[in-house]
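Visitor: Could you take me through this structure, starting with the way its helices pack?

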Amino acid sequence: MHHSFRLVIAIILFSTVFAINANEKERLVILSIDGLGWHELQTFKDDGTLTSGALVQQDLIINKLQVLATGNTGPSHITAYTGVEPKEGGWVGNTYLVQGQSQKTRQSAFTAVKPHSEIKHVVTKIKNKGLSTACLNAPTVNPNLQCDFQLSFSPRVEPSCGFSLTKTNTKLQCGTDNLAIDSNRSTVTFNNVEVTLKEGAVAPMCWSENEKYFSRLLYKETSREGIKLYVGPKHSVNANDAFHREAPSFVCWPGLIDGNSIRLGKISQSGFYKISLYQHDYAMRLLQYVLSMQQYDVVLAYTSFLDKVQHELLSEVVIDSQGNTINFVENAFAVVSDDLKSIIDSLNKNDSMLAFSDHGFQKSDFVVFPNGLLRPFNKNIQNDKKAAHVLVSGALGHIYTNDMSRSEKEQLKTSLLNLEINGQGVFNFVIERGDEGFSDFNHENSGDIVVMVNPGFSLDPRVPPTDRFIYPSMAKPDEKLKKLLVDIEYLFLSKGTSNRVSPGVHGFNSDVAEIDGIIFGTNTFQVLLESGTRSKKISDVTPLIEKAISAH
């Protein structure tokens, strides 16, 4: 009798949590928010600068999410979507060497899981359950995966310009600017700037001063018949309609918009923020549009807005024309918080959403070039494949020592551990394979020596033009810094990219508390999060999705 009573209660509870309306099936929405750190979020909530949106909702329980071994976007997302830790899967950095390969054939963590891999991506598991999937924006979009609907918007895809549908032969009209397509050479010429289109879907964008924009999709596809270039979605769904907004005048940016655009003086910090905001807005509108289609059981999406803003604008402020101080990062958190609330409010009552982030951020004051440190050890090596070298991911570095002798390795480790700037040690740890503490990186893909800098520092894999191997981090053109460096050094530093010479850096392990991300859920996901342990790891994301799928 007692057993039967408990069974009835269990059935009632299960039905309450996982009940699905007969006319409205449950959908699962998984959104990864690059760079939404637990520490930063708590700071903005405590000091009252973040006051609206989902991130401050009382009924939304936001948990701290622990990174594993390396707080970088590639390894974190692969771990989140496979449930496999980096030390087991081998994605030990954003880039790393696969055993037996040379430096020139490095592996990217973003595409580490192949269709034939023993380790299965969550998208594969979802499809094996017979559920349909929509994947929006890299790194959710993976060329090795076969989502039912797949669109990727990336500011790294050229050209960054929106298109109206005025098409005459090989010419398109972008606002008032002419854009010509040469389908034979697979190139686009925009404002006399020629760029080469990459394979697949490109979602370019225009933006205007009146803060209205529209965007169109441009595709390149190579088939037996040759190269095809055309405007409009490859799928039967008319995704263009989701983004059409009239704008009288356009400012289009052909080419890559990255932090070095700020440092080289090509764009202001405010302009960089504005473009990043429009790209985020595009990603959110794409998600809202796909959700409105009501066609897919599981939707996976991604936004890099907070990551980009914190890399380049961490601790940076400007004074507007009214004398108000504008903090870019505070504004970005407020935007994301409000957008999260809009997405949650737009979901069907039976839908469940899981949102997580891959890492937080630390301020970097100095950038270290470890391949510059290795020059003395490589001076007598003629074959580059035998030279010692470092692959870095923000704060983390893998040193592949190759032909270095035992004494040279010990000498290198000692010099790294003794390296100081203004009395502060540069490296948090320098561990060699076989050392105590190497277990988090105990995979054949790891370097022979793994290093991580302390907060306040970052790593850059380039070889500097002079014997100097430590420079100040650089947020924007800096006349004082220019006077301290020779011209070739200043230009070299200016051309550095995000997570290297920029003021915001990640790539630390979980020993640095401020690097933790966040995770929260609604409906089914909220129940699953509350029923589990309080300590959440990024490898817990896949089991959560699998449990939600089982209840689907």
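**Helix packing and burial**

Visitor: Is the crossing of α15 and α16 left-handed or right-handed?
Guide: The crossing of α15 and α16 is right-handed. A crossing is right-handed if the near helix is turned clockwise from the far one by less than a right angle, and left-handed if anticlockwise. Helices (H or I, at least four residues) and strands (E, at least two) are DSSP runs, numbered from the N terminus.

Visitor: Before going on, what sort of model is this?
Guide: It is a predicted model, in which local features need pLDDT of at least 70 and side-chain atom pairs count only at pLDDT 80 or more, while totals for chains, interfaces and linings use all residues. Residues are numbered from 1 along each chain as its sequence is written, and side-chain values use heavy atoms, with hydrogens and water left out.

Visitor: Back to that pair, then. At what angle do the axes of α15 and α16 cross?
Guide: The axes of α15 (residues 524-531) and α16 (residues 541-550) cross at roughly 125 degrees and come within 10 Å. This makes α15 oblique to α16. Angles under 35 degrees count as roughly parallel, over 145 as roughly antiparallel, 65 to 115 as roughly perpendicular, and the rest as oblique. The axes are lines fitted to C-alpha atoms, for helices over the stretch in contact, and angles run from 0 to 180 degrees between N-to-C directions.

Visitor: Which residues make the contact?
Guide: From α15 they are Thr524, Phe525, Leu528 and Leu529, and from α16 they are Leu544, Ile545, Lys547 and Ala548. Contact means heavy atoms within 4.5 Å. By class, the contact of α15 with α16 has 6 nonpolar, 1 polar and 1 charged residues. Ala, Val, Leu, Ile, Met, Phe, Trp, Tyr, Cys and Pro count as nonpolar, Asp, Glu, Lys and Arg as charged, and the others, Gly among them, as polar.

Visitor: How far apart are the axes of α3 and α16?
Guide: The axes of α3 (residues 73-82) and α16 are 5 Å apart, and the two helices pack at an angle of about 30 degrees. Thr79, Ala80, Tyr81 and Thr82 of α3 make the contact with Val541, Thr542 and Ile545 of α16. This contact has 4 nonpolar, 3 polar and no charged residues.

Visitor: New topic: how many helices and strands are there overall?
Guide: The protein has 16 helices and 30 strands. Of its 552 residues, 55% are buried, where buried means under 20% relative accessible area, exposed over 50%, and partly exposed in between (1.4 Å probe, protein chains only).

Visitor: And how many residues of α8 are buried?
Guide: In α8 (residues 305-313), 9 of the 9 residues are buried, so this helix is largely enclosed by the rest of the structure. Among them are Asp307, Lys308, His311 and Glu312. Just after α8, Ser315 takes a positive phi of about 70 degrees.

Visitor: How does α8 sit against α9: roughly parallel or roughly antiparallel?
Guide: The axes of α8 and α9 (residues 328-346) cross at roughly 175 degrees and come within 9 Å. That makes α8 roughly antiparallel to α9. Phe305, Leu306, Val309, Gln310 and Leu313 in α8 meet Phe328, Val329, Ala332, Phe333, Val335 and Val336 in α9. These residues divide into 10 nonpolar, 1 polar and no charged.

Visitor: Turning to loops, where is Leu55?
Guide: Leu55 is in the loop between α2 (38-46) and β2 (63-66). It is buried, at 0% relative accessibility. Beyond its neighbours within four places in sequence, Leu55 is in contact with several residues, including Leu36, Phe333, Leu340 and Phe520.

Visitor: Is Asn422 buried or exposed?
Guide: Asn422 is exposed, with a relative accessible area of 74%. It lies in the loop between β22 (420-421) and β23 (424-425), and its phi is near 55 degrees, a positive value in a residue other than glycine.

Visitor: What about Asn499, buried or exposed?
Guide: Asn499 is buried, with a relative accessible area of 7%. It is in the loop between α14 (487-494) and β28 (504-505), and it has a positive phi of about 65 degrees although it is not a glycine.
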